Amino acid sequence: MKKILFALVIFVLGFSTANLFAGGEKETEDKMVIRVAEQVPNLITPGSWDGQAFSMNSSIYEYLLEMDAETGELQPSLATEWSTEDGKVWTFKLRQGVKFHNGSSFTSEDVKFTLERTQDPDLGHLKAQDFSIIEKIDTPDDYTVVITLKSVRPTFMYQLTDYNMAILSSEYDYGKLGESAPMGTGPFKLSQLVPKESALLVKNPEYWEPSLPKAEELRIYFVADMEASVSLLEAGQVDVVPQVSPVIARRLTDAAGFKVVSPYQEHRFVALVADREPFSNNDVRLAMKYCIDPQILARACQGVLGETFFYNETPILNRLAQFKEITFRGRNIEKAKEHLAKAGYPKGLTVELYYASDHPYGSELAQTLKELAAPAGINLDLKGFPRDIYLSQYWLNAPMSITGWGVRVDPSMLLTLAYHSEGPWNESHMNDTEVDDLIDSIASEVDNAKRQSYYDRLQELFVERGTVLNIQVPYLVAMRSNVQDYRQPATMLCQYKYTYIE
Amino acid sequence: MEFFKRFSKRLGFMFVTLAVMSFIIFLLVEIMPGDVAQTVLGQSATPESLKALREAMGLDDPVMVRYWRWAGGILKGDLGESFYMRGVQISSIFWRRVGHSIVLALTALLFYVPLSLFFGVVAGVKAGKFTDSVISFFGLATMALPEFVSGVILITIFSVSLKILPITSVIPIGENLWQNLEILVLPALSITFVMFGYVSRMQRSSMINVMNSDYVRAAILKGMPRGYVIFRHALKNALLPSITIIGMNMGWLFGGLIVVETLFGFPGLGSLTMSAIKTRDIPLIEACVLFITLVFVVSTFITDMLYAYLNPRIRFKGGEA
Amino acid sequence: MKNFLLLLKQNPRAILGLSILLLWILLALLGPSLLPYSFSQMDMDNQISRPGLNGHLLGTDALGRDILTRIVYGSRSILTIALMTSLFSSLAGILIGFTAGYFGGFWDTLFLRIMDIVMAIPPLVLSMVVLGILGDSTIASLTIIVSIAYTPATARVARGALLSCKGSEYVDAARIRGESDFYIMFVEILPNTLGPIIVEITARFAYSIMMIASLGFLGVGLQPPTPDWGMMVIENKSIIREAPWAVLYPSLAIASLVIAISLFSDFISKVMIHEK
């Protein structure tokens with residue numbers, strides 16, 4: 001009996017060893033295949049998509065407008081022209097001859113459907129608030145859409161580039177099939193999806209741009225662990241790994257055969273919630289701001305302050321045109337203590353800080369903030385949760401939170417969402433009439449110079465009595481050196497249709 | 001006849017256990033804090049949409065009704081729909097992962113059972129001598145390493161330094177597990193370490209007991225060659241307790257699977273359970289935990305029966321062991 | 001007691017185990033006051049530095065925190081939780097197991113069946129599900145849940161120990177005297193069953209350490225920045241190539257503690273059974 005068992009062991013060991021030496025990449029014939037390893041997505045149906053894992057959706061779905069990765073300018077995609085005279089009535093001319101992957105034709109009906117869907121109360125569409133500004137949608141013919149807004153919004157077209165505004169087919173049941181069989185007009189169509197494991201996308205032969213996509217197949221592996229994804233990259237099993245940490249980036253830049261690009265920065269907003277203790281008192285908010293040392297924050301995220309890592313006290317990205325340079329107040333524990341005493345906390349205070357523990361940089365920032373605030377007497381009680389739980393249970397109710405925000409190509413979108421007293425994602429519960437007025441003015445102002453002056457004043461206000469700490473962390477993509485033309489504009493939607501392998 | 005009576009009694013109890021367990025699991029998961037509808041709808045939930053979703057999911061029905069709905073479905077083979085990924089049938093992801101985990105568990109068994117039995121016997125036979133000390137210490141050391149620790153060490157050695165085994169268990173698109181058996185090696189080895197320590201120690205002490213028993217000593221005194229005695233007499237009886245241990249440790253094996261699959265990203269039941277817990281996907285959690293319980297209960301049952309069958313005292317005389 | 005010490009002297013492995021255990025207990029109690037750093041202190045000039053450099057004996061992690069300090073602090077939580085878990089589960093186990101074994105009959109069968117059912121879910125899975133759903137792990141929740149997961153096993157041992165004493169003469173004598181059941185169980189029987197029970201407690205202690213480390217690894221350990229050995233392993237796994245020591249040392253800490261307790265537990269069981 002023992003002998004048989006022993007023989008079996010040898011057999012299995014031998015088989016597996018033989019296999020592992022024969023292993024490695026199986027023959028991929030002569031097809032150009034791009035292999036990506038990225039995070040496991042949660043929900044992927046547009047409208048419920050929380051912005052994890054872009055490769056699949058951005059290749060299957062398309063939008064009315066897309067953004068040029070280099071210049072940031074809006075480009076026609078499913079809409080060929082767009083115009084408005086008063087900022088209230090918008091006319092879009094649609095591209096003709098486009099087909100969805102299931103064969104149905106793309107018409108204005110689909111655009112209407114996509115937009116109206118945002119207001120469906122049973123859906124809980126993430127863009128419901130943004131698009132509640134629509135008064136009515138007319139479709140005079142198959143390729144024209146006329147949208148009338150309730151009020152003037154000169155930046156409306158930017159809203160259509162939001163990643164959750166993929167154009168959906170009015171004839172497809174996304175409620176039932178959105179998670180298991182996503183379907184759009186994009187350059188790649190879904191061939192096979194193993195939920196939470198992998199997705200095989202193949203070239204869309206009917207794509208409206210005949211020379212694109214350049215690759216035949218896009219294979220996406222969902223790997224939870226970043227280190228594991230990178231090891232796949234190094235082993236030659238994948239070509240692209242979106243979202244790597246700076247430590248890994250450093251290692252790969254030094255190694256031959258790989259390169260790292262940084263398409264854009266991401267926000268990490270620290271919200272100092274203004275409608276409850278302790279941050280309802282601006283002195284406490286100022287005290288917290290005096291505790292910050294951006295150098296240390298940068299180091300904690302393995303970034304370099306001023307190059308890959310930025311910090312300021314307004315929600316405007318350092319790199320944007322609208323940004324106003326305001327001298328940073330500097331870390332000053334004494335001043336912090338003074339403000340605390342003034343607010344009635346001479347002995348310091350404790351406040352709970354909620355954050356997503358598995359989101360990049362979340363844990364590092366939380367712990368660093370705790371260390372930085374401690375000498376002033378501010379004790380941060382850390383409460384980290386997995387991202388889904390954090391976002392659905394704690395985010396909007398916490399006294400202090402750290403949340404990752406993707407870039408909004410037009411900052412007024414962000415301001416309306418998060419800092420207007422009626423904004424749906426007003427995580428810091430900011431309620432300041434002057435701020436509200438400025439935000440409203442910005443949204444409806446047509447004159448650029450005037451708008452900029454509003455931005456300037458707004459940023460000054462934020463420094464004075466704002467409720468946010470704006471930490472900008474690098475978003476890095478690692479890939480093999482032979483991967484060319486990887487494009488990912490600030491919309492976060494990667495454009496694999498242009499990417500090819502040398 | 002005795003055996004058959006025992007068999008049916010135990011079988012009956014097994015079904016009762018499963019039924020009760022399914023209810024307990026259901027209760028446990030359903031009464032946990034946190035509103036499921038809130039988790040699914042997330043940031044844009046309004047009171048109306050929450051209410052609508054709760055109704056659609058049947059969350060407001062009384063507990064017993066919900067339980068019967070779920071249990072009834074399970075008995076028909078319908079594992080239900082994922083709460084989190086709407087529209088995705090659990091069965092579509094579940095069985096594939098279960099298959100992978102079974103292969104992984106079997107591989108681990110194939111690794112550790114012969115190894116630990118063999119070395120346990122050797123240690124027992126050479127009790128007190130140097131060989132025994134080495135084997136015992138090795139067993140103790142590996143037993144003390146939780147699976148993730150041995151996993152990390154294995155990764156460092158085999159994937160980082162030597163680069164001969166994959167650091168993560170990814171199955172390339174278009175292929176299946178059988179074309180990628182190398183992804184089984186490291187996870188199975190990690191589990192092997194812990195189990196080896198445990199089983200080899202049991203085997204050793206059981207072997208020592210048997211070697212010290214009267215009939216073995218008598219046989220040796222009578223002049224029979226030692227090797228012969230070991231193989232023909234001692235071994236059979238010494239193996240018996242170990243079989244029980246192996247069977248009883250199926251539970252630990254499944255616990256270990258969760259850790260190991262998470263560490264290596266192995267697409268199995270363990271990592272599915274983890275992901276279900278992280279997203280509070282209630283039906284998925286219930287399906288996973290129920291299945292794990294099922295395997296555990298069944299393996300305990302089989303071990304019990306195997307033990308009863310092999311132990312002549314029980315087989316022929318009946319009664320509790 | 002003298003006997004015990006004598007036996008101890010003869011068993012070098014037990015001495016090794018006991019010394020390591022005592023060392024950890026000492027470190028847990030006194031260590032923090034001897035160390036220059038706090039466990040969350042970030043030395044930003046020395047992130048990911050090798051052991052031995054710049055005043056960090058075991059190196060630093062990605063946030064510049066001293067690993068030695070974090071390990072020493074971590075020993076406090078893990079020892080506390082593991083100790084409390086083994087004590088609580090044993091206490092609960094004794095209560096339940098004794099009651100079942102003593103009164104026998106229907107209660108005994110019921111108890112056995114219930115224990116079998118609760119044991120049907122592997123303890124790690126059970127703990128993981130409960131803690132994962134609760135989300136926020138504290139020392140209290142970890143202790144309670146792991147204790148519950150382990151109670152059935154200790155209850156069985158307690159019951160077995162009681163059953164072997166049940167028919168003894170002194171029990172009969174006490175009954176004749178008219179002592180209450182409670183008295184008989186806990187004053188007469190318990191002292192005589194201490195052997196297997198103590199062995200069980202020490203074994204539980206070792207299992208608890210492994211369980212808690214594993215739970216930390218799975219992400220339901222104590223909230224950062226409180227050091228948790230299991231969480232240290234998973235936190236630093238992403239820099240395993242730059243800083244293998246950040247993963248190695250917490251792992252060695254876990255291993256040494258479990259080995260130490262196991263060695264000592266082995267010895268205890270030899271002693272107790274020997275005396276029987």
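Predicted model: local features only at pLDDT ≥ 70, side-chain atom pairs only at ≥ 80, totals over all residues.
Strands of a sheet pair through backbone hydrogen bonds, and the pairing can be parallel or antiparallel. Strand 5 (residues 89–94) and strand 7 (residues 144–149) of chain A pair in the antiparallel sense over five bridges. One position to look at is A:V89, whose bridge partner in strand 7 of chain A is A:T148.

Further along chain A, strand 12 (258–272) takes part in two pairings. With strand 17 of chain A, residues 468–480, strand 12 pairs in the antiparallel sense over 12 bridges. Here A:E266 stands opposite A:V473 of strand 17. With strand 16 of chain A, residues 400–405, strand 12 again pairs in the antiparallel sense, over six bridges. In that pairing A:R268 stands opposite A:G404 of strand 16.

A pair of helices in chain A comes next. Two packed helices are described by the angle between their axes and the distance between the axes. For helix 13 (residues 411–418) and helix 14 (residues 433–444) of chain A, the axes come within 10 Å and cross at roughly 145°. This crossing of helix 13 and helix 14 of chain A is left-handed. The residues that meet are A:S412, A:L415 and A:T416 from helix 13 of chain A, and A:I439, A:I442 and A:A443 from helix 14 of chain A. By class, this contact has four nonpolar, two polar and no charged residues. An α-helix has 3.6 residues a turn, so residues three or four places apart point the same way.

Most peptide bonds are trans, and most residues other than glycine have a negative phi. The peptide bond from A:L212 to A:P213 is cis, with omega near -5°, and A:P213 has its place in the loop between strand 9 (198–203) and strand 10 (217–222) of chain A. A:E277 and A:P278 are also joined by a cis peptide bond, with omega about -10°. The loop that holds A:P278 runs between strand 12 and helix 8 (282–290) of chain A. A:Y361 is not a glycine, yet its phi is positive, at about 70°. This residue, A:Y361, lies in the loop between strand 14 (349–356) and helix 11 (362–373) of chain A.

Chain C has 10 helices and zero strands. Taken along the principal axes, the C-alpha atoms of chain C fill a box of roughly 75 × 45 × 25 Å. Helix 6 of chain C, residues 139–166, has 28 residues and reaches 38 Å from its first C-alpha to its last, close to the 40 Å expected at 1.5 Å a residue. Helix 6 of chain C bends by about 40° at C:T151, with a proline, C:P152, following within four residues.

Finally, chain C and chain A touch. Their contact takes 17 residues from chain C and 18 residues from chain A. By class, the side of chain C that touches chain A has eight nonpolar, six polar and three charged residues.

Conventions
Residues numbered from 1 in each chain as written. Chains lettered and ligands numbered in written order. Expected span 1.5 Å × (residues − 1). Bend = angle between axes of the 7 residues up to and from the residue. Pairing = 2+ DSSP bridges. Axes fitted to C-alpha atoms, helices over the stretch in contact; angles between N-to-C directions. Left-handed = near helix turned anticlockwise from the far one by under 90°. Contact = placed C-beta atoms within 7 Å. Nonpolar A, V, L, I, M, F, W, Y, C, P; charged D, E, K, R; others polar.
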